[in-house]
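Let's walk through this structure together, one step at a time. Keep the 3D view open and follow along as we go.

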Amino acid sequence: YSIPPTMAQLVGPLRKELADSLSSCRVLVVGAGGIGCELLKNLVLAGFKNIEVIDLDTIDVSNLNRQFLFQKKHVGKSKAQVAKESVLRFCPSANITAYHDSIMNPDYNVEFFRNFQLVMNALDNRAARNHVNRMCLAADIPLIESGTAGYLGQVTVIKKGQTECYECQPKPTQKTFPGCTIRNTPSEPIHCIVWAKYLFNQLFGEEDADQEVSPDTADPEAAWNPADAAARATASDQDGDIKRVSTKEWARSTGYDPVKLFNKLFKDDIMYLLTMDKLWKKRKAPLPLDWTEIQQIEDMLIVETLRSQLIEKGEGAELVWDKDDPPAMDFVTAAANLRMNVFSMNMKSRFDVKSMAGNIIPAIATTNAVIAGLIVLEALKILNSDFDQCRTVNLRCYSFDTLKPELHHVLSYLTYLCICFSHLV
């Protein structure tokens, strides 16, 4: 039996020529996180055989709700290495190389990138994206750039001389806030969250005088006399009184006592702010809190956990705030909500605080799955030399929050089927 010359030869759902290209080409996946896990699975199921993946991170418990290649037993291990091992269970014949490293390491230079026919980004930071963009342009290798932000996602193809590059258009800079607003007159929850992150660093991390959280006596809007106001200010506890020392120095002198920290930050400092009369002529004045009157105050006891972590690390050690570190996140949530209470704002859930802290938008598993499928679709176009068919795709999902978590795998598979059927003819 012979196949008529007018009929396409198929290998699985793909034309033979395209299937051969998939099995022989060498591709680089940069990032093995939310998008990267879905992408690696899609690649081997689509027929890609020679894959190299690089990621600097190790697996955290917080990754497990969406990065399905990882399990609890993998916590602390290399994302790239575990992703490789997990993906090989889908396709044992695949040839996968994993690098537990930063793509910005000088070892991964232009010559390294020239080893690939295609590069796919699954990154979560702009610096690395800029770097990969420049390497691919220098090596003249097609790059598929992608990203997700909550229910939004985006995929675009970057090809030297044919498309716009990642850095061709300026990206919006992270929003900043005046120090006097953060320290004296917050009016939005984000102001309190930024203040709480600064407070974490002042107490447990790398101290920065520019991010001091005590009332800003140099606030030009106040136009007051600090000496006169200080004489009028009263404090409830001598240990919690306002002194011109750093927050960290004062906290250490108290042994990180939660009650004294609370009274300084949410009572004494606020009473001090109230002496700046001009600040409150057109604003609602803050209301000092009292430790004995606040319910659920146990949230502030997280200070003791963080203090223990400092002791374990040794003399002179510092903690680094990480949204995926539960004690650090609990502290910032508690401190931010207490300050919101002081300034008569509606308090936020832990999820909302995590979303807003540092402009972080939590990843949604379903969005990652769909974006990973679209990446493979664009990859097939590139390998089929259909550059004129490549598109920038922007995903906007409005109803994924009503889906059960397990359904994102179904959507991912349906996306994969759409990819395959689109190349049957």
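Strand 3 and strand 6 (residues 118–121) lie side by side in this predicted model, pairing in the parallel sense over four bridges. To find the pairing on screen, look for V27, whose bridge partner in strand 6 is L118.

Now turn to the other neighbour of strand 3. Strand 4 (residues 50–55) runs parallel to strand 3, and five bridges join the two.

Is strand 3 largely enclosed or open? Four of the five residues in strand 3 (residues 26–30) are buried, so the strand is largely enclosed by the rest of the structure.

Seven strands form an open sheet in the order 5-4-3-6-7-8-9, and their pairing is mixed. At the edges sit strand 5 (95–100) and strand 9 (393–396), each of which pairs on one side only. On average, neighbouring strands of this sheet are turned by 15 degrees against each other, with direction ignored. As a general point, strands of a sheet pair through backbone hydrogen bonds, and they may do this in parallel or antiparallel fashion.

For an antiparallel example, go to strand 8 (residues 152–158), which pairs with strand 9 in that sense over four bridges. L152 stands opposite R396 in strand 9.

Helix 3 (residues 79–87) lies across strand 4 and strand 5, and helix 3 runs at about 160 degrees to strand 5.

Finally, let's look at the cysteines. How many disulfides are there? The count comes to zero, taking a disulfide to be a pair of cysteine sulfur atoms within 2.5 Å. C91 has a relative accessibility of 9%, and because buried means under 20%, C91 counts as buried. C180 has 21% relative accessibility, so C180 counts as partly exposed.

Key:
Residues numbered from 1 in each chain as written. Predicted model: local features only at pLDDT ≥ 70, side-chain atom pairs only at ≥ 80, totals over all residues. Heavy atoms only, no water. Buried < 20%, exposed > 50% of the residue type's maximum accessible area, 1.4 Å probe, protein only. Pairing = 2+ DSSP bridges. Axes fitted to C-alpha atoms, helices over the stretch in contact; angles between N-to-C directions. Contact = heavy atoms within 4.5 Å.
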